[in-house]
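Hi,

Here is the structure I promised to pass on. Have a look at it first, and my notes on what turned up follow below.

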Amino acid sequence: MIEGIFVEGLIYSIMALGVFFTFRILDFPDLTVDGSFPMGAVIMAACLHQGVNPVSGLVMAFSGGVMAGVVTAEIHNRLKVPHLLAGILTMTMLYSVNIRILSNRANLPLLRVDTILTKLHAWSDGFIPPEWASLIFFILVVIVIKKGLDLFFITDMGLMFGALGNNEQMVRTQGVNPAILKSIGVGLSNGLVALSGAFAAQYQGFADVNLGQGIVVSGLASVMLGEFLLRSNRISILTLRVVLGTILFKAIMYLGRYYGYYINMTPNDLKLIAGILIIISLAAANIRNRKEKARS
Amino acid sequence: MIRLEKIKKTFGLGTAGEKTVIRNLDIVVEKGDFITVVGSNGAGKTTLFNLISGSIFPTQGKILIKGKEVTQDPEYKRAKAIGRIFQDPLAGTASNMTLEDNMMITSNKGFKWPWISLTRTMRQSFQEQVKQLEMGLESRLKENVNTLSGGQRQALTLLMTVTSNPDILLLDEHTAALDPRNAKIVMDLTKRFINEKGLTTLMVTHNMNHAIEFGNRLIMMDQGEIIIDVKQEAKKQLTKQRLIEMFSEIKKRDFENDEVLLTS
């Protein structure tokens, strides 16, 4: 069970990194996530059923997510629609798109096809137990993505995203069109989210169009929990704490799921818990800020 | 360098709140000019800057920068030629990023690709640059900009803007929000940078002494028009007293004209 928490935490941390990118770096609260996460899952499932190899499937899922993000950003840019509404529009449209991708089905099991995990287990069979092989695999995947993001955020373009989230005027003054940056940023973020969805589908053994319900809230809760663990302004620490926050969030959800019945809790209450976690985090951050202001 | 031809700007065109803030404005700014812009609130000074930088577009007229028409170009397209500093010291920097990140962002203009330019040599050159400010910032490159005071931030913004080598520098009351000591420091730096680089500059100020002391040309705006334009030698001779006299003369004449209109 303990490795289950870590594996799930790692898979969802890819999504949380995407949420961190839009909410914290770009200051573009993006709700597309609720649609792009299952989109990644259903693209992956559809690919696997068509006999596409899993790595190409992951690439397709990532690309699908990027497109979803770009749609949201362009709705916002061109029609001057607030970002929240633009995200909700795309998310709602994606629900239908996702059902289409699954050939008019709401879910698709992945039990009889070769996923990236079954391939991995076939290879590691004999010297590492499958759960541990999954754990090692996802640790490596998350390290690669995290390191890639760390590098990306210190490139000239990556720094521009920080500037955009802080001060859009500064971006314009630098001769860069903020609209293009938003499309790239929200696109990449949703690419990560869809990638996370593709891994989640393979780990759970099915893809479901309802997989994304409330995912943005859980991502945000993970990001916020992480912010209580470590304090820094270095990007490598900021991304690290997103990963740690997600694992912590998953651990709390596990406790809720397995031991919640002691206090009459059912798995249906978990979304309520996620929301309450966010509210507690916001309140705690408020109190901390006020204290710091009083001190300075 | 900049040429504005018959510019008119009306806000809320066709509504009950229609208001013309710039009327029939013509001005030619030569390369190397340092123009101080004065005028009461609502005279159209900031609107003039917004028109030049492209954050708003004129209702009528043409804007040329470096001989090229840019009247309908959005702000980010003109930004390569223009460095603008606002009154708000927070407007020129990204608060939650480090000094070196901020300096990296502004070190060159135009679209940024995902490669890493923030190298050790870059950091060293940033260190050299901030030393010019004499504020002890060279040891704080890895701190976030929001830990700096307003004066330090505005000085840093000025440095970053100047080192990005704009053709035109627009200063919109950039010392007005600072305390007198910091305002003086930033003003001295401004003078130094403009002299060193020979930047074409427009500076809005409410400080009459600054307006007279600095620059080679002074314009006064009133109700969306340039009513006084003093250049070169005449500018050198200009005193505060003389400026006030000129202003009241023009106002009186206007007033008489209005009366003539009303009676006829």
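Strands (E, at least two residues) and helices (H or I, at least four) are DSSP runs, numbered from the N terminus. Also, this is a predicted model, so local features need pLDDT of at least 70 and side-chain atom pairs count only at pLDDT 80 or more, while totals for chains, interfaces and linings use all residues. Residues are numbered from 1 along each chain as its sequence is written, and chains are lettered from A and ligands numbered from 1 in the order in which they are written.

Strands of chain B

Strand 9 of chain B pairs with strand 10 (residues 225–231) of chain B in the antiparallel sense, over 6 bridges. In that pair, L218(B) has V230(B) of strand 10 as its bridge partner. The hairpin they make has 2 residues between the strands, and Q223(B) takes a positive phi near 45° there. Strand 9 (residues 217–222) of chain B also runs parallel to strand 3 (residues 34–39) of chain B, joined by 5 bridges; V37(B) has I219(B) of strand 9 as its bridge partner.

Chain B also has an open sheet of 4 strands in the order 2-1-4-5, with antiparallel pairing. Its edge strands, each pairing on one side only, are strand 2 (19–29) and strand 5 (68–69) of chain B. Within it, strand 1 (residues 2–11) and strand 4 (residues 60–65) of chain B pair over 5 bridges in the antiparallel sense, and R3(B) has L64(B) of strand 4 as its bridge partner.

Two packed helices

In chain B, helix 5 (residues 150–163) packs on helix 6 (residues 180–197) at an angle of about 10°, with the axes 9 Å apart. Axes here are lines fitted to C-alpha atoms, for helices over the stretch in contact, and angles run from 0 to 180 degrees between N-to-C directions. Angles under 35 degrees count as roughly parallel, over 145 as roughly antiparallel, 65 to 115 as roughly perpendicular and the rest as oblique, so helix 5 and helix 6 of chain B are roughly parallel to each other. Among the residues making the contact are L158(B) and V162(B) of helix 5 and L189(B) and F193(B) of helix 6 of chain B. "In contact" means that the C-beta atoms of two residues, placed from the backbone, lie within 7 Å.

Where the chains meet

28 residues of chain B are in contact with 21 residues of chain A. Helix 3 of chain B supplies the largest share of the chain B side, 4 residues.

The core and chain A

What does the core look like? The largest nonpolar core has 147 residues, and A41(A), V42(A), M44(A), A45(A) and A198(A) touch the most other members. Such a core is a set of buried Ala, Val, Leu, Ile, Met, Phe, Trp, Tyr and Cys residues joined through C-beta atoms within 7 Å. Helix 1 (residues 2–26) of chain A gives the most to this core, with 14 residues. Beyond its neighbours within four places in sequence, M44(A) contacts residues including L58(A), A198(A) and A207(A).

Finally, I235(A) sits in helix 11 (residues 235–259) of chain A. I235(A) is buried, because 20 other C-beta atoms lie within 10 Å (20 or more is buried, 12 or fewer exposed, in between partly exposed, with C-beta atoms placed from the backbone). Leaving out neighbours within four places in sequence, I235(A) is in contact with D150(A), F153(A) and I154(A).

Cheers

How values were computed
Pairing = 2+ DSSP bridges.
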